[in-house]
Amino acid sequence: MASPMIRLEGVTKVYAGSATPAVSGLSLDVGEGEIAVLVGPSGCGKTTTLKMINRLVEPTSGRIMVAGDDVMTVPAHELRRRIGYVIQQIGLFPHRTVADNIATVPRLLGWDRPRIERRVDELVALVDLDPALRNRYPLELSGGQRQRAGVARALAADPPVLLMDEPFGAVDPIVRSRLQDELLGLQRRLRKTIVLVTHDVDEAIKVGDRVAILNVGGVLEQYAPPAEILRQPAGRFVEDFLGSDRGIKRLSLMPIRDVALEPGPVVPRSATRDEARAVMARYGVDWFGILDGEVLAGWAWGKELDDVPIATLTPREFMVRLGHDDSLREALDTVITSHTRVAPVFDGKRFLGMLTVEAISRELAR
Amino acid sequence: MGFLTDLGRWFLENWSGDAGWLMRIWQHLEVSVVAVAAAVVVAIPLGAWLGHTGRGGLAVVSVVNIGRAMPSFGILALALPFTIWLAHTFPAVVTSGLGFAPTFVALFALGLPPVFTNTWAGVRGVDPEVVEAARGMGLTGRRLLREVELPLALPLIITGVRTTAVQVVATATLGALVGYGGLGRFIVDGFATQDDVRMVAGALLVAVLSVLTEIAFSLLERWTVSPGIAHHRRAEIAA
Amino acid sequence: MIPIAQAVGDPRFFRWDWVWGHLGLIADKVGEHLLLTGIALGVGLAVSFALALVGLRFPRALPPITWFTGLLYTIPSLALFTFLVPITGFTTLTAEIGLVSYTLLILIRNIVAGVQGVDPAVRESALGMGYGRRRLLIEIELPLALPVILAGLRIAAVTTIGLVTVTALIGKGGVGFFILRGLNRFFDTEIVLGTALSVLLAVAVDVSLAGLERWLTPWSRRARGVA
């Protein structure tokens, strides 16, 4: 890679009094604008590695370069002021207001007051934090709000690099999912170089551009984009770590927009009962969908045709309606939990087509 | 140096007799032990019962604050007119209003707060889950207190007794000001007669005695506390 | 019968008229008391900070520091003053050396505990953002340690106020002057006055420091304290 933003060369860390190294001979690069996720079991050295990048921990041997500079050649506090740092418990300063917290690094860098104030306002808006909280103390914030404040604080001096250590570990799964999405959204706008540590392999797959799977002792098992790792895990350890539902995990990376849809057993209201029966036979199902123009009104059981013409039927609602941005994993979930055994896909109200189990597994095989 | 040899000689020459330092040490310890014992006898049951029933929290806080604010010198001085009045009114019980009586009264008063508050806090602070489990097994009231809460509160109680003991031994020195003997006698008399050697000798003895008391109780703490709860020790309440 | 200044049977009879008649003297002694206390606390705080910072920077120095200040604390005040008098005489200096010695243990202990008790996440995030050690201490650790430090200061203040009365025996004393004089001439009013004033001063200072703490720490609802 031409001039990566972060480069680790043969980095080793042995703590005093310990026989085994925490990290041994780790080499990897992180390109500019990339999110690299370090993931692995307890004791794999992922947090130690992260902390060596901003020199909270010093390597026993090896070299770490950030933006072309060896981290050991720059005074530690200067280095850290150029790198954003977010930890799991966040560590907002309790004795300072949210605004003052966010202003921490700009103040350390000596920015003037007006510039700091403007920047704080920018960031509060950027991380979607309620502006009313600006002058409150961390004590008064909820968990999710503190998280946002922590991210804002890390981004305050606009550092090119952001280090995150289990940043979403302390919140519940619903909030976590939302925060992960927001991080991805932020990244689309800001294009920072991010190194994120997590123990959650699903988070790694969802968030990472490239994922580094580390084994105990800081051994790098595989470092590749998540789709590649899922498709071709490098060895037993990685396979086990990914879990036995690798296929389904891969599906979560595939958006529906990339897949060809079938029209499915669908007929317009004006169709005859025979046409409906034909289409049901073709798909081998005992139900059919009813179209009102381009809008899919719903579905009905085949046996309801015996009593009344189609036009008079009251269609049942499809419980889940998927869109282009949803993943095949959600489609699969819909397919296996619905009466109809299909996942209908829409663009707003416009019906686009359906996905079946066969179509989905065909995608996996490609 | 000359002073040190004088000091050494003083120790060698003054160990015996009613005014010798052995006797004085005995007197010093006598009033201290009695005062601490009395404080313990009163404060532990009171503190334990209040801690067990959960009442008296406000009283405890007040006692801590007032106990700390009480100047030992003042209390001792106040004890004197009180014991003089006692001696005058109940001559059979209190033979003399000077000497032992006021010293004891003052030391007793000063010794109560640390033992009381630490006992209260110790009993109060027993892990509520343990208490609940014990209650579930049928232990209630005094048996619960005696068999579960007190043993678990022991570390803090002993810390309180230690604080009291050291404080009492130190303040017993002032007893010389109200006519008692003890090691303070050397300091007060030495001061009156401009005898530096005697003064410093007395101060040295009482300093050593205080430190020994502190050490003795530290060891007691370490030995008597059941190993299972040794790691539950928390900071003292009364410094 | 031992001669008693007040009426026999009223050993603690308190003479208000005597108090009104000596307000000037009383004010003087209260002033002296507060002065002695203030100097002791000021010097004590300064020395304790220095020693605490040494202990925080070099943890191995802490046990000897604790041991030595503990020793000073255990030695009875009268004995300590007795050791000092042959060297520094019956002066304010003697009194202050003694008084300061008694503040060291609790202040050092609380300063160290306060700083060490700062949430490790706060310390880690501060370092990670680029705080140097010195600014970290001044801007982050000390302000957050304030509740615990002030708790120690309150205890030290109350203890010192009580100890100042003992300095009456070496010629100072503040309101201890009344206690000593009352004791020597069997005048109960003075004894009560001296003791009561000492307690009142202690309570007043304690309450003021509590208020100071609340004023200095607007971010915390509750103040926690060590010992």
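In chain C, the axes of helix 2 (residues 23-57) and helix 5 (residues 92-116) come within 7 Å and cross at roughly 45 degrees. Axes here are lines fitted to C-alpha atoms, for helices over the stretch in contact, and angles run from 0 to 180 degrees between N-to-C directions. Helix 2 of chain C is therefore oblique to helix 5 of chain C; angles under 35 degrees count as roughly parallel, over 145 as roughly antiparallel, 65 to 115 as roughly perpendicular, and the rest as oblique. The crossing of helix 2 of chain C past helix 5 of chain C is right-handed, that is, the near helix is turned clockwise from the far one by less than a right angle. The residues of this contact divide into 20 nonpolar, 4 polar and 1 charged. Nonpolar covers Ala, Val, Leu, Ile, Met, Phe, Trp, Tyr, Cys and Pro; charged covers Asp, Glu, Lys and Arg; the others, Gly among them, are polar.

This is a predicted model: local features need pLDDT of at least 70, side-chain atom pairs count only at pLDDT 80 or more, and totals for chains, interfaces and linings use all residues. Residues are numbered from 1 along each chain as its sequence is written, while chains are lettered from A and ligands numbered from 1 in the order in which they are written.

Now take chain C as a whole. Chain C has 9 helices and 0 strands. Helices (H or I, at least four residues) and strands (E, at least two) are DSSP runs, numbered from the N terminus. The C-alpha trace of chain C spans about 75 × 40 × 25 Å along its principal axes. Of the 227 residues in chain C, 47% are buried (20 or more other C-beta atoms within 10 Å of the residue's own, with C-beta atoms placed from the backbone).

Next, the chain pairs. Two pairs of chains touch, and chains B and C have the most contacts (C-beta atoms, placed from the backbone, within 7 Å). Chains A and B do not touch; their nearest C-alpha atoms are 25 Å apart. The contact between chains A and C takes 19 residues from chain A and 15 residues from chain C. Helix 2 of chain A gives the most to chain A's side, with 4 residues. That side divides into 10 nonpolar, 6 polar and 3 charged residues.

In the largest nonpolar core, of 205 residues, A:Val37, A:Ala152 and A:Val195 touch the most other members. Such a core is a set of buried Ala, Val, Leu, Ile, Met, Phe, Trp, Tyr and Cys residues joined through C-beta atoms within 7 Å. Helix 7 (residues 133-164) of chain C gives the most to this core, with 15 residues.

Technical notes:
A residue is buried if 20 or more other C-beta atoms lie within 10 Å of its own, exposed if 12 or fewer, and partly exposed in between; C-beta atoms are placed from the backbone.
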